[in-house]
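Hi everyone, thanks for coming along.

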Amino acid sequence: MGVGFVVGRAAPVSLRGAWRLALLPQRARGDAGSKTEDTASDSVEAAKNSSNKKEKLSDQVMQNPQVLAALQDRLDNTALTPSSYIETLPKAVKRRIDALKQLQVKCAHIEAKFYEEVHDLERKYAALYQPLFDKRREFINGEAEPTDAESEWHSENEEEDKLAGDLKNVVVIEEKAEEANVKGIPDFWFTIFRNVDMLSELVQEYDEPILKHLQDIKVKFSEPGQPMSFSLEFHFGPNDYFSNPVLTKTYKMKSEPDKTDPFSFEGPEIVDCEGCTIDWKKGKNVTVKTIKKKQKHKGRGTVRTITKQVPNDSFFNFFSPIKVSADGEALDEDSEFTLAADFEIGHFFRERIVPRAVLYFTGEAIEDDDNFEEDEEGEEEFISILS
């Protein structure tokens, strides 16, 4: 349509020029014709020179290896784009591809059902683990002593321990006196917080005395028929900071393909979380701090000092998470990052800390995690060399 418009305007201009030329005297027309021919000749010559220059410039550019490489790279990338390849396929083939996508969506829904059953299995086996975790709690808190059979363990340093036996016998009396005053495994969970970087980054100095009262952490799975979720229970002994015996954090999960993007489904995902209210004792709330601020009266010019409570960094902010908007309103970038980190920490407690607590206490699980990460990096490097 645009091209038709341009051509329609150019034709009358050319005709008007020819009509005016016909009204001129014969000589004038001859002179005008001669001048026109000269001008046309000059224009043709200039066009030729311009064309020659462009050809020479093109030749020089095309002889440049860097330019050729860039052009080839662009052509290769264009040729290898999957979407561009799909566009070239016949309509009948595209129709079959659409049918495959329908099958893929059905596969995603079956996969979602699979993960729902996995959640049911986790709940079932959590009940089998719980007696062992209850005994673990008793040993940690000094509520029970392990038998000789329960405490028998062959360590890698067994030979060194045997050689050092004589030295140990010398101080055995002193050790027995000290052991009589030690109950359970002191600071068990606090030591785990200190050993794991993900957790130690959240813990402030004023959080430490509180975490030393932490006696147990449990994972509870949602009941059958309820929306998929899991809860973390932090059990505390009596302390001077809050009256709650248990602090809870619940993570809500979704295990179904997104209607607008079903192919993005890769398994259950945490979509929201809820904390709990901590009943802080007077003056013991470490999640806020009191600051003094001076205010000047606009009219009188007098100055007064007021006190104000503002948020304070603390691990216990973990129990007051950012809420996901019910109407789907987007969060700002900082809130999204904070919430994603919260989800990661909750998952880490569930999958790693609670099931393998003793290994995070001794540091063995941390060494295993570090070695696994190094192996992954090494494998990637090896693959890149081969490719």
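I will start with the model itself, then go through the core, the surface and the salt bridges.

First, some housekeeping. This is a predicted model, so to speak of local features we need a pLDDT of at least 70, side-chain atom pairs count only at pLDDT 80 or more, and totals for chains, interfaces and linings use all residues. Residues are numbered from 1 along each chain as its sequence is written, and side-chain values use heavy atoms, with hydrogens and water left out.

How confident is the predictor? pLDDT is its confidence in each residue, from 0 to 100. The chain averages 79, and 69% of the residues score at least 70. Residues 1-30 have a pLDDT below 50, and beyond near neighbours in sequence this stretch has 5 contacts in the model; a contact means heavy atoms within 4.5 Å. Residues 378-387 also stay under 50, with 0 contacts beyond four places in sequence. Please keep those two stretches in mind as you look at the picture.

Now the overall layout. The chain has 15 helices and 6 strands. These are DSSP runs numbered from the N terminus: helices are H or I with at least four residues, strands are E with at least two. Of the 387 residues, 22% count as buried. Buried means under 20% relative accessible area, exposed means over 50%, and partly exposed is in between, with a 1.4 Å probe and protein chains only. Among contacts with a separation of 6 or more, 58% are between residues 24 or more positions apart. The accessible surface comes to about 29,200 Å², and 54% of that belongs to carbon and sulfur atoms. Such areas come from the Shrake-Rupley method with a 1.4 Å probe; for residues, only the protein chains shown count as cover.

Let's go inside. In soluble globular proteins, nonpolar side chains tend to be buried together. Here, the largest nonpolar core has 46 residues, and F193, F234, F316 and F349 have the most contacts inside it. Helix α13, residues 333-353, gives the largest share of this core, with 6 residues. By a nonpolar core I mean a set of buried Ala, Val, Leu, Ile, Met, Phe, Trp, Tyr and Cys residues joined through side-chain atoms within 4.5 Å. What does F316 touch, not counting residues up to four places away in sequence? Its partners include D207, I210, F236, W280 and T287.

Helix α10, residues 188-195, is mostly covered, with 6 of its 8 residues buried. Those six are F188, W189, F190, T191, I192 and F193. V358 lies in helix α14, residues 357-362, and is partly exposed at 47% relative accessibility.

Most residues other than glycine have a negative phi. D187 is not a glycine, but has a positive phi of about 55 degrees. It is partly exposed, at 32%.

L121, Y125, L128, Y129 and L132 make a nonpolar patch of about 540 Å². Patches are made of residues with over 30% relative accessible area and no salt bridge; like charges are joined within 9 Å, and nonpolar side chains (Val, Leu, Ile, Met, Phe, Trp, Tyr) within 5 Å. Y129 sits in helix α5, residues 91-141, and is partly exposed at 46%.

Finally, salt bridges. The whole structure has 14 of them, each a side-chain nitrogen of Lys or Arg within 4 Å of a carboxyl oxygen of Asp or Glu. In one, E150 pairs with K135, with the closest N and O atoms 3.2 Å apart. E150 is in helix α6 and K135 in helix α5, so the pair ties together parts 15 residues apart in sequence. In another, K254 meets E269 at 3.7 Å, N to O, linking strand β3 with strand β4. R350 and E351 meet at 3.0 Å; R350 is buried at 10%, while E351 is partly exposed at 32%. Salt bridges with shared partners also join K252, D272, E274 and K323 into one network.

Technical notes: pLDDT is the predictor's confidence in each residue, from 0 to 100.
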